[in-house]
Amino acid sequence: MSLKLIALLLCLGATMLRAEPVRFDNYRLYEVSIANQMQLDALQLLEQYPDGYIFWESPVQTNMKINVVVPPHKTAQFDELRAQLRIESRMKTANVQQLIDNESSVKSKRETFGWEAYYTLEEMYSWIDELVAQYPNILSVSTIGQSYEGRELKAVKLSYKAGNPGIFIESNIHAREWITSATVTWILNEFLTSTQPDVRELAENYDWYILPVVNPDGLHYTKTTNRMWRKNRYPHSVLCYGVDMNRNFPGHWMEGGSSSVPCSDTFAGPEEASEIETKHIMNYFVSVKDNIHAYLSFHSYGQYILFPYGHSGAEYSENYYDMMQMGEAGAKAIYQRYNTAYEIGTTADVLYIASGSSPDWAHGTQGTPIAATFEFRDNGYYGFILPPEQILPNAMEVLDGLVAFVKEGKKIGYFTTAV
């Protein structure tokens, strides 16, 4: 490498370190329908080398709809692409920054931690530590490792009594999905404070292993620099940072719906389990898996309850119908509160092809009986920028769904004391 190139890259690195937060003024959000292979090929090329475009879903197959954020300097190019390839689309919003400004303008009026606003990693961790001090006989917290940038990955265990079957939850594996950690902290609080009989049953008769933020570097980056960031922050190439950790797990790794291109938002890493954060999640899960009956992964958005597998629409779990029955119960309960409609099915069947996810790894390689991804609100108008006033409604309906999901599972023979 020449000295001139090294100097240039060092200058670029220094510029990145002192960069102002990314703004999305006049960035437009489009819903795009992919009807044929030519359209798919063009959008995939655009996603791998985005130059300002942001894909809220990856274009992985025909006959799917995706949301694409188009920067102002690419509007003419995008219009020409749509016209040439006859791509059907509709604009959802003409200014993504307005959604972000509205989201961040809401500040909590409470002196203590609450759910009227989105919090930083440090604020969430501080609140968790306070809870553990308040409920030392029920809660424990451990650091299961550090991220690439040196931030803690914390695991919370809630247990009211010995001998309970365990349920594992991870959230915020995708950095921009703030609603996931907001929801899981609210559910944790409900497990400690709610007087509702169904919630008490769920809290006291199961052990809960909760990883509220498994991508701390990415979350921090969304708070300080780029609200739309998805991946972790490991520099696998000079100019393109990060790996999609939910494409990085072993078990059908890189078998569809993931990318080998470092600039892509679905870059699966140079090899399976390449990321230090992925390793920490796996190691911790394996250390407790003998007591785990279900692995739940919290995501946004789209309103789905998804089951293995994601790599192929032709491969189904042997207990597929049991999980579908549990999913139907959960979706029905979610709908009953605010009429929020969830779709259920395998990832490949109802969403898109996606390999290397954490639930598929837990179920397919670790033998965890139940594995599911919950994709929270909404259907794409706000997408990842869900307004803070929807935190509590989302959390409430998700807890309703969990109550029904687990209750149905118990009814058909799951969640016994022995895995």
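You are looking at a predicted model, in which local features need pLDDT of at least 70 and side-chain atom pairs count only at pLDDT 80 or more, while totals for chains, interfaces and linings use all residues. Residues are numbered from 1 along each chain as its sequence is written, and side-chain values use heavy atoms, leaving out hydrogens and water.

Asp-25 has a partner. Side chains of opposite charge can pair when their charged atoms come close. A salt bridge is counted when a side-chain nitrogen of Lys or Arg lies within 4 Å of a carboxyl oxygen of Asp or Glu. Arg-23 makes such a bridge with Asp-25, their closest N and O atoms being 2.8 Å apart. Arg-23 is itself partly exposed, at 45% relative accessibility. Asp-101 joins them, and a network of salt bridges links Arg-23, Asp-25 and Asp-101. The rule gives a count of 19 salt bridges.

Let us visit two others. Between Glu-204 and Arg-200, the closest N and O atoms of the salt bridge are 2.6 Å apart. These two residues are four apart in helix H7 (residues 197–204), so about one helical turn separates them. Helices (H or I, at least four residues) and strands (E, at least two) are DSSP runs, numbered from the N terminus. Glu-204 is partly exposed at 30% relative accessibility, whereas Arg-200 is buried at 17%.

Asp-244 forms a salt bridge with Arg-230, and here the closest N and O atoms are 2.6 Å apart. Both residues lie in the loop between helix H8 (216–224) and helix H9 (276–288), so the pair ties together parts that are 14 residues apart in sequence. Asp-244 is buried at 0% relative accessibility, and Arg-230 is buried too, at 6%.

Now for the empty spaces. Rolling a probe the size of a water molecule over the atoms shows where empty space is left. On a 1 Å grid over the protein atoms alone, a cavity is a set of points where a 1.4 Å probe fits but cannot get out, and a pocket is an open set with protein on both sides within 12 Å along at least five of seven lines; lining residues have an atom within 4 Å of a point. Grid points are joined across faces, edges and corners, and a volume is the space filled by probe spheres set on the points.

The second largest pocket holds about 680 Å³ of space. Its lining has 41 residues, and Glu-57, Tyr-301, Tyr-304, Leu-351 and Tyr-352 are the closest to its centre. Strand S3 (64–70), strand S9 (292–300), strand S10 (304–307), helix H11 (347–350) and strand S12 (370–376) each supply at least two residues of this lining.

How many cavities of 30 Å³ or more does a search of the whole structure find? The search finds one, and the largest cavity has a volume of about 80 Å³. Among its 14 lining residues, Tyr-118, Tyr-119, Met-124, Ser-181 and Ala-182 lie nearest the centre. Helix H6 gives the most to this lining, with four residues. Trp-178 lies in that helix, H6 (residues 178–193), and is buried, with a relative accessible area of 10%.

Notes: Buried < 20%, exposed > 50% of the residue type's maximum accessible area, 1.4 Å probe, protein only.
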